[in-house]
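Please read it with the structure open.

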Amino acid sequence: MSPDQLSTPDSMHLRLLLPTEVLLEQSVSKIIAEAENGEFCLLPRHIDFVAALVPGVLSFYTSEGEEHFAAVDRGILVKCGRDVFISTPQGVTGTDIAELQELIEERFLELDEHERRARGALARLEAGALRRFLDLREQFHD
């Protein structure tokens, strides 16, 4: 479906994009999401907007007023005209906010801890390689 078929003057065309698929493509009347500086709401006539999303649950409303949810693991939201794109490495849609919040705590925040440990190990490897390089340099200058 083209964006013109999905959006009306009182709606936006929401696309939730994962690295391997389009998770969601739907006409919505309102989107509530959370960025690093707090929660915000987008309406169809809102100005064009870009935000870095934090791991969390965003909500969106259909033109009939039904509330739906999507859990996202960080991401970028771009609103351009009536099109709203959300690009995230991981995402899940659902109707139970408590279930999605639990999923975020289990899966997405656990990955953050794993990434922190991996970055720490990489920093130690880099420091060790640099020390060895400096030792070699001293040996050749002596």
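**Notes on the model**

1. Arg15 is buried, at a relative accessible area of 17%. Buried stands for under 20% relative accessible area, exposed for over 50%, and partly exposed for the range in between (1.4 Å probe, protein chains only). The side chain of Arg15 forms a salt bridge with that of Glu25 (3.2 Å, N to O). This pair links distant parts of the chain, with Arg15 in strand E1 and Glu25 in strand E2, 10 residues apart. Glu25 is partly exposed, with a relative accessible area of 39%. A salt bridge here is a side-chain nitrogen of Lys or Arg within 4 Å of a carboxyl oxygen of Asp or Glu.

2. The ground rules come next. This is a predicted model, in which local features need pLDDT of at least 70 and side-chain atom pairs count only at pLDDT 80 or more, while totals for chains, interfaces and linings use all residues. Numbering starts from 1 along each chain as its sequence is written, and side-chain values use heavy atoms, with hydrogens and water left out.

3. On confidence, the protein chain has a mean pLDDT of 84, and 85% of its residues reach 70 or more. Residues 1-5 have pLDDT below 50, and beyond near neighbours in sequence this stretch has five contacts in the model. pLDDT is the predictor's confidence in each residue, from 0 to 100. A contact means heavy atoms within 4.5 Å.

4. The protein chain has two helices and 10 strands. From the N terminus, the order is α-β-β-β-β-β-β-β-β-β-β-α. These elements are DSSP runs numbered from the N terminus: helices (H or I) of at least four residues, strands (E) of at least two.

5. Of the 142 residues in the protein chain, 32% are buried. Among contacts with a separation of 6 or more, 49% come from residues 24 or more positions apart. The chain exposes about 9,100 Å², and carbon and sulfur atoms supply 54% of that. Accessible areas come from the Shrake-Rupley method with a 1.4 Å probe; for residues, only the protein chains shown count as cover.

6. How many salt bridges does the structure hold? The count is three. Besides the Arg15 pair, the side chains of Arg45 and Asp10 meet at 3.4 Å, N to O. That pair also links distant parts of the chain: Arg45 is in the loop between strand E4 (38-42) and strand E5 (49-53), Asp10 is in the loop between H1 and E1, and they are 35 residues apart. Arg45 is exposed, at 64% relative accessibility.

7. Asp73 and Arg74 form a salt bridge too, with their closest N and O atoms 3.7 Å apart.

8. Arg74 deserves a look at its backbone. Its phi is near 55 degrees, a positive value in a residue other than glycine. Most residues other than glycine have a negative phi. Arg74 sits in the loop between strand E7 (67-72) and strand E8 (75-80).

9. Which side chain has a polar atom 2.7 Å from the backbone oxygen of Arg74? That of Thr88. The Thr88 side chain also reaches the backbone oxygen of Gln90, at 3.0 Å. Thr88 lies in the loop between strand E9 (83-87) and strand E10 (91-94) and is buried, at 3%. Not counting residues up to four places away in sequence, Thr88 touches several residues, including Leu17, Pro19, Asp73 and Arg74.

10. Ser11 is in the loop between helix H1 (3-6) and strand E1 (12-17). At 1% relative accessibility, Ser11 is buried. Its side chain makes a polar contact of 3.2 Å with the side chain of Ser27. A polar contact is a pair of N or O atoms within 3.5 Å; within protein, one must be able to donate a hydrogen and the other to accept it, and residues adjacent in sequence count only if both atoms are side-chain atoms. Ser27 belongs to strand E2 (residues 22-28) and is buried as well, at 18%. Ser11 and Thr62 are 51 residues apart in sequence and 8.3 Å apart in space, C-alpha to C-alpha.
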